[in-house]
Amino acid sequence: MTESPYTLVHQDEATSARVGKIQTAHGVVNTPIFMPVGTRGTVKACTPQTLSDQIQAEIILANTYHLYLRPGHEIVQEAGGLHAFMGWHSPILTDSGGFQVFSLGPLRKITEEGVAFRSTIDGTEHFISPERSIEIQNALGADIIMAFDECPALPNDYTYLKDSMEMTLRWAERCREAHQNPDQLLFGIVQGGMERDLRQASINGTVSIGFPGYAIGGLSVGEEKDLMYETLAYTAPLLPEEKPRYLMGVGTPEDLVYGVRCGVDMFDCVMPTRNARNGSLFTTAGIIRIRNTKYKNDFSPLDAACTCYTCQNFTRAYLRHLHVENEILGSQLHTLHNLHFYVSLMRGIRYAIRDGSFTALADNGPDIGQFVKLGQPTKV
């Protein structure tokens, strides 16, 4: 499927920021969008009902590599696909497993045919090729699936980055040929490290193969922030305007605003959920580390400007108590809030793009708190 699922709704006059819609088999996704990460078929400490009704997430991400290892894509397929298996009836995106394989280090061996690796669960040997990755993702049944790529570590020498990028292009072609489910949108992935000519070559090659959407991979893997921003600012505008653009695995609220400014439509990151479990909470006034003793007798809400269930019903003192006592409810309430914060941020960004205030807010720090306040839904 190479026709575009993307419809442009509004283009910012001063930047590349834009508002749009992506049509998928399980519904429309409004962009720019943040996708909560549900690695093993669940967003940690968060029920699908909470994600849908209270956080108002529109799309989530699941991990091909982990679901392949356990419970196995055959079991998910037998259950009726990932949507039925996990009880989530809105759109899902699955990554290809390329980044997880990259993170295995000495436990994996990369060849032209694919990647041989040992399971981190039981040490058994496995092999994933581009064709195998697509086969697994076809079985999982996500709405958007990703081509299998190599994500090289940084820093790295130019020759390796070039060879890796060219192999990723060959793998993308094989993924395109192996894809069998017309209801799934297969996105290509652009690599090339921090080298402009390699990013350009990767874009040219990936676009020539033809995909309904494109992702920028290989960022936030060890490089300095300024260099990541420079590469993103160069790369994103080169991707086709009529197709959705996805920045993989990035990042902080400031990263999301900068990515939107560059024309990115889709984001994912484990930061809001991981930070929540560690007691690091995003608010419109900045990050709160709830373990700090100063919150022991603080009976104010976590964020007075927030309409989430956590902020409407519980105090900082209670949240600190839950966290110090390692109570499961603490992780649940913190996760709900942090994801609500991220989803509200993106909703506020969409509003700001449409009403013409995006550039002023993006240039002011950026003013994350104001974006989030702008995107607050009614009390839930």
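Predicted model: local features only at pLDDT ≥ 70, side-chain atom pairs only at ≥ 80, totals over all residues.
**View 1. Arg 132 sits in helix α6.** The helix spans residues 130–140. Is Arg 132 buried, exposed or partly exposed? Its relative accessible area is 22%, so it counts as partly exposed. Leaving aside residues up to four places away in sequence, Arg 132 touches Tyr 68, His 73, Glu 74 and Phe 127. For a sense of distance, look for Val 372: it lies 240 residues from Arg 132 in sequence and 41 Å from it in space, C-alpha to C-alpha.

**View 2. Strands β2 and β3 form a hairpin.** Follow the chain through β2 (residues 18–24) and on into β3 (residues 27–31). There are 2 residues between the strands. The two run antiparallel and are joined by 5 bridges.

**View 3. The largest pocket has a volume of about 790 Å³.** Its lining consists of 36 residues, and those nearest the centre are Phe 99, Gln 100, Gly 249, Asp 268 and Val 270. Which element gives the most to this lining? It is α11, with 5 residues. By type, the lining holds 13 nonpolar, 16 polar and 7 charged residues.

**View 4. The second largest pocket has a volume of about 160 Å³.** Residues lining this pocket include Ala 45, Thr 50, Tyr 309 and Leu 336. Two or more lining residues come from each of α1 (48–55) and α14 (328–355). Helix α14 provides the largest share, 4 residues. Here the lining has 7 nonpolar and 4 polar residues, with no charged ones.

Note on methods: Residues numbered from 1 in each chain as written. Heavy atoms only, no water. Buried < 20%, exposed > 50% of the residue type's maximum accessible area, 1.4 Å probe, protein only. Contact = heavy atoms within 4.5 Å. Pairing = 2+ DSSP bridges. 1 Å grid on protein atoms, 1.4 Å probe; cavity = no way out; pocket = protein on both sides within 12 Å on 5 of 7 lines; lining within 4 Å. Points joined across faces, edges and corners; volume = space filled by probe spheres on them. Nonpolar A, V, L, I, M, F, W, Y, C, P; charged D, E, K, R; others polar.
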